[in-house]
Amino acid sequence: MKLVLFDIDGTLLNTGAFGVKSLEKAAENITGKKPKYDLTKFIGMSDKHNFAYMYSCAAGKAPSAKQLEAVKEEYLSLLPSELAALKKNKKYKAASGVEKFIKTLLSFPDVKLALATGNVEEAAKIKLAPAGLDKYFVTGGFGWDGAERTELLKAAVKRASKTFKHKFTPDEVYVIGDTHLDVVAAKENGYHSAVVKEAGLADKERLLRAAAEAEVDTFKDEELLLVWLDLRQDPKGVEKGSYIMPASAIEHVFFSRTGIDEQRLKMFRIKKYSDLESGKIW
């Protein structure tokens with residue numbers, strides 16, 4: 001059995017920083033002050049983090065639990081209008097080839113799908129519905145499960161295990177995202193990791209250092225992702241486990257392309273990036 005976890009923004013959808021305008025207005029409505037913020041602080045982060053950050057940018061202090069909940073409710077009331085504006089301006093779009101890839105995965109009876117997104121659950125449904133992608137996901141981990149992505153990934157696996165009546169082991173979990181934070185969170189939980197680069201939201205240097213098991217430009221690179229998932233054979237006919245770094249054939253391709261070195265090898269073996277002598281990935 002395999003569990004494939006999908007991020008939303010920058011992965012399933014290529015809509016830029018969709019939701020930030022709603023969050024900015026929500027914080028202003030709650031505090032009465034217009035927030036001044038750094039947009040890069042939102043990329044790859046959970047809504048629990050983002051809502052607290054935006055509130056603090058407006059109010060000058062961290063929110064209480066009650067204030068954070070108020071920001072969430074106000075945000076959810078504003079998000080549909082931002083979505084409507086995106087659609088009107090033709091800036092709302094699903095990732096290239098993503099629905100075909102999802103349907104391919106669902107053709108394998110032992111493959112299950114779930115979300116692992118920084119969005120709160122209600123926002124995830126609002127965002128995915130226009131693309132018709134919401135119908136493929138009945139469970140997941142969401143932005144209210146924790147401020148850190150490691151927490152929402154754990155929540156996704158726990159819920160999926162209950163939903164699909166199978167206790168997924170770390171080696172059965174495959175995370176697909178678009179930033180280094182998706183990769184780091186996956187590795188810290190012992191899960192597999194892949195990134196789709198089409199959206200271009202990721203910090204390229206950090207993404208390189210994170211060393212995902214697989215990188216693709218779009219979901220149209222379906223065969224490569226299926227080899228990574230061990231659902232297709234390596235087109236070169238080399239069996240899994242025959243490389244020096246043997247987690248997958250894709251790792252061999254990845255290192256051959258980028259140049260292998262000792263520090264990069266260490267990244268595949270450790271769970272905490274702070275253990276690297278060269279310092280943290282952040």
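Reply: Helices (H or I, at least four residues) and strands (E, at least two) are DSSP runs, numbered from the N terminus. This is a predicted model, in which local features need pLDDT of at least 70 and side-chain atom pairs count only at pLDDT 80 or more, while totals for chains, interfaces and linings use all residues. Residues are numbered from 1 along each chain as its sequence is written, and side-chain values use heavy atoms, with hydrogens and water left out.

Me: Which element gives the largest share of the lining of the second largest pocket?

Reply: A pocket is, on a 1 Å grid over the protein atoms alone, an open set of points where a 1.4 Å probe fits, with protein on both sides within 12 Å along at least five of seven lines, and its lining residues have an atom within 4 Å of a point. The second largest pocket is lined by 26 residues, and Asp9, Phe42, Ile43, Gly44 and Asn50 lie nearest its centre. Both α1 (20-31) and α2 (47-59) supply at least two residues of this lining. The largest share, three residues, comes from α2.

Me: Which residue of β5 is the bridge partner of isoleucine 176?

Reply: Strand β4 (residues 173-177) and strand β5 (residues 192-196) pair in the parallel sense over four bridges. For isoleucine 176, the bridge partner in β5 is alanine 194.

Me: Is lysine 90 buried or exposed?

Reply: Lysine 90 lies in the loop between α3 (65-88) and α4 (98-106), and it has a positive phi of about 55° although it is not a glycine. Buried means under 20% relative accessible area, exposed over 50%, and partly exposed in between (1.4 Å probe, protein chains only). Because its relative accessibility is 77%, lysine 90 counts as exposed.

Me: And is alanine 211 buried or exposed?

Reply: Alanine 211 lies in the loop between α8 (204-210) and β6, and its phi is positive, about 55°, although it is not a glycine. Because its relative accessibility is 0%, alanine 211 counts as buried.

Methods:
Two strands pair if DSSP finds at least two bridges between them.
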